[in-house]
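Please open the model in your viewer and keep the selection tool at hand. The stops below are meant to be visited in order.

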Amino acid sequence: MGFLDAEGNFQVFPKARVNVKGVTTHYGVGYHFHMGLGMRDLELLEFIKLQFEGIGKIYPYPHKVEAHYAISRKGEVK
């Protein structure tokens, strides 16, 4: 078992490309890495982000008492 068994995941999903008229013209591929921990581990998420040279973003959710670290740019996920 690993650190991300329940706390995170990698996602690959179809992503609709919509033109200015709101019409879907084609589909691409979306990439995402996500990790969620309790607010008490916010410093750990910041340390992990630092190890990844600052890529991604941390989203604190105080009302849920948790924080999420997400990387969603294709080049950064690679």
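This is a predicted model: local features need pLDDT of at least 70, side-chain atom pairs count only at pLDDT 80 or more; totals for chains, interfaces and linings use all residues.

Residues are numbered from 1 along each chain as its sequence is written, and side-chain values use heavy atoms, with hydrogens and water left out.

**First stop: strands β1 and β2**

Select residues 8-18, which form strand β1, and then residues 24-38, which form β2. Helices (H or I, at least four residues) and strands (E, at least two) are DSSP runs, numbered from the N terminus. β1 and β2 pair in the antiparallel sense over 11 bridges; two strands count as paired if DSSP finds at least two bridges between them. Along this pairing, Phe 13 stands opposite Gly 30 in β2. The two strands form a hairpin with five residues between them, and Gly 22 in that turn has a positive phi of about 85°.

Next, select Val 29, which lies in strand β2. Its relative accessible area is 43%, so Val 29 is partly exposed. The scale runs as follows: buried means under 20% relative accessible area, exposed over 50%, and partly exposed in between, with a 1.4 Å probe and protein chains only. Leaving out residues up to four places away in sequence, Val 29 touches Val 12, Phe 13, Lys 15 and Arg 17, where contact means heavy atoms within 4.5 Å.

**Second stop: strand β4 and its partners**

Select residues 66-71 to show β4. Five of the six residues of β4 are buried. On which strands does β4 pair in the antiparallel sense? One partner is β2, joined to β4 over six bridges, with Gly 36 opposite His 68. Another is β3 (residues 57-61), joined to β4 over five bridges, with Pro 60 opposite Ala 67.

Which residues make up the largest nonpolar core? Select Phe 33, Met 35, Leu 37, Leu 45, Ile 48, Ile 58, Ala 67, Tyr 69 and Ile 71, nine residues in all. β2, α1 (42-51) and β4 each supply at least two residues of this core. A nonpolar core is a set of buried Ala, Val, Leu, Ile, Met, Phe, Trp, Tyr and Cys residues joined through side-chain atoms within 4.5 Å.

Not counting residues up to four places away in sequence, Leu 45 touches Met 35, Leu 37, Ile 58, Ala 67, His 68 and Tyr 69. Then move to Phe 33, which is found in strand β2. Phe 33 is buried because its relative accessible area is 6%. From Phe 33 to Ile 48, another core member, there are 15 residues in sequence and 13 Å in space, C-alpha to C-alpha.

Select Leu 44, Phe 47 and Leu 50, which form a nonpolar patch on the surface with about 300 Å² of accessible area together. Phe 47 belongs to helix α1.

Select Glu 53 in the loop between α1 and β3. Its phi is near 60°, a positive value in a residue other than glycine. Most residues other than glycine have a negative phi. Glu 53 counts as exposed because its relative accessibility is 74%.

Finally, select Val 65, in the loop between β3 and β4. These strands form a hairpin with four residues between them, and Val 65 in the turn has a positive phi of about 60°. At 54% relative accessibility, Val 65 counts as exposed. Leaving aside neighbours within four places in sequence, Val 65 is in contact with Gly 38 and Met 39. Val 65 and Gly 38 are 27 residues apart in sequence, and 5.9 Å apart in space, C-alpha to C-alpha. By contrast, Val 65 and Val 29 are 36 residues apart in sequence and 32 Å apart in space, again C-alpha to C-alpha.

How values were computed
Patches are made of residues with over 30% relative accessible area and no salt bridge: like charges are joined within 9 Å, nonpolar side chains (Val, Leu, Ile, Met, Phe, Trp, Tyr) within 5 Å. Accessible areas come from the Shrake-Rupley method with a 1.4 Å probe; for residues, only the protein chains shown count as cover. A salt bridge is a side-chain nitrogen of Lys or Arg within 4 Å of a carboxyl oxygen of Asp or Glu.
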